[in-house]
Amino acid sequence: MSGITPQEIKREFLKSKMGIAGITILTILIVTSIIAMIVIPIETFQEWNNPGSWILYPKVAIPIWINLFMVEKIPEHKILEDPNIQNILQDEISLTSHQFGLNFDYDYFPNDFIYVFSSEYSGSPLLKMSVIRPDGEKLELLSTSLPHSTSKTIHSERIFSTDSAIKKNLVLQSEKFQFPLERLSAEDIVFSKIQSNEPLKGNYVFSVDLYGVNSENQIHESKLIIGGKAFGIMGTDELRRDLAVGLLWGTPLALFIGIVVSIASVVMGLLYGVYAGFKGKKTDETMMRFNDVIYALPALPFLIILSVTISNSIFLMIGFLMIFGWVGIAKVARSMSLQIKTRGYVDAANMMGQKDSKIILKHILPQLLPYAFASIAISVPAAITTEAGLSFLGLGDPSFPTWGQILHDANTFGAAARGLWWWIMPPGVMIAITGLAFVFIGNALDAIVNPKLKR
């Protein structure tokens, strides 16, 4: 081990298929982390547990790619934000019209539809909502006045398909359908064929018209949400959160936790063990007994107690993991130090009067670097799984969307019993893949450090 140079380590590592596989997976994870940090705003941390930020998303929606394997297509959740806008002013009447086009090509009815808007007006403008279906039929959905105001005001509102006025207007147009409408929901009527209550595929145009008299009215925010059962590439959870956001942000968080804890633990363990072994006698005895005390502590129960009594901050948790992560490395480093300090060049350095710190840093620690690299790689999965385990038990930092926190939420809402596999499997798979990458790298380095492990 002592004769291995960095160039030899690199050459031997590149010969290892396991090491190359580990580096490839790690590179993909790092690229994913960089993309997540660039594409997804960092404010996501603050909004992850804010239900108001996800109100427009569907509950427990399945990933949209599932439709590729389905004979009957599940409706996707659509958020239409770019309407075709027309402003017309004729005599005393002003008209602001927003039109939303929708291609509906699914075999099930949508869950609902919601129109979200914010309007600036004065007086009592009339809001009319209608839809032109693929068969050319036009259905009037709503006709209502906005609250009266003598001065310019801004009014925000959400119109739901469950509004009784919409259902009443549709029932009044029942002569257009060849089946009774009384027991059907508004979305089941709007998206139904004329002849039978089956989904009608094709292009729909939803129109929202705002009429005003002697005033120019404006609609600043205008969104039409067609509620579906599928959304995004990873689906959503019970709190309507986009799981792709949590999984992507979970990648840099997992790498940060794993790498910081493993590097800090290995550095602490190396310095502690090498110093104890080099000094020997009472210093060694005292330091190793203290090491034994920490080593004998049951780590998981203590981590749970510390998380409950002090704080569940993710940064404090990293500190707690460091406290319990260095003791095993210190023991190995001490035994290596005891061997290395008997070598001739260490004796020569002592005889030349070099300081202990210089001998440790210049002559002993460099000999342990290959072991340190292997230890860092092997320690990362333990740190990641420990954090995930604490988060799963509800002791993690809920303000960060870590993979363990996502699994905890899935367990809380009974995702397994409800068959919501897209809420459980992806974070579990990501934890396993990340751990596997570092295990591959660690084993490849371990085989270089300990040639006896080579087959």
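Let's start with Glu387. Glu387 sits in helix α12, which covers residues 356-392. Keep in mind that this is a predicted model.

Is Glu387 buried or exposed? Its relative accessibility is 7%, so Glu387 counts as buried. The cut-off for buried is under 20%.

What does Glu387 touch, leaving out residues up to four places away in sequence? The contacts are Ile257, Met317 and Thr402. Take Thr402 from that list. The side chains of Glu387 and Thr402 are joined by a polar contact of 3.4 Å.

Now look at Gly258. In sequence, Gly258 and Glu387 are 129 residues apart. In space, their C-alpha atoms are 8.8 Å apart.

Next, the surface. There is a nonpolar patch here. Which residues form it? They are Trp65, Leu68, Phe69, Ile233, Trp421, Met425, Val429 and Ile433. Together they have about 820 Å² of accessible area.

Pick out Trp65 from that patch. Where is Trp65? In the loop between α3 (44-47) and β1 (78-80). Trp65 has 33% relative accessibility, so it counts as partly exposed. That class runs between the 20% limit for buried and the 50% limit for exposed.

Last, the domains. The domain assignment of the protein chain gives two entries, domain 1 and domain 2. Domain 1 is written in two pieces, 6-48 and 241-453. Domain 2 is 73-227. How far apart are the C-alpha centres of domain 1 and domain 2? They lie 55 Å apart.

Methods:
Residues are numbered from 1 along each chain as its sequence is written. This is a predicted model: local features need pLDDT of at least 70, side-chain atom pairs count only at pLDDT 80 or more; totals for chains, interfaces and linings use all residues. Side-chain values use heavy atoms; hydrogens and water are left out. Helices (H or I, at least four residues) and strands (E, at least two) are DSSP runs, numbered from the N terminus. Buried means under 20% relative accessible area, exposed over 50%, partly exposed in between (1.4 Å probe, protein chains only). Contact means heavy atoms within 4.5 Å. A polar contact is a pair of N or O atoms within 3.5 Å; within protein, one must be able to donate a hydrogen and the other to accept it, and residues adjacent in sequence count only if both atoms are side-chain atoms. Patches are made of residues with over 30% relative accessible area and no salt bridge: like charges are joined within 9 Å, nonpolar side chains (Val, Leu, Ile, Met, Phe, Trp, Tyr) within 5 Å. Accessible areas come from the Shrake-Rupley method with a 1.4 Å probe; for residues, only the protein chains shown count as cover. A salt bridge is a side-chain nitrogen of Lys or Arg within 4 Å of a carboxyl oxygen of Asp or Glu. Domain bounds come from an automatic or database domain assignment.
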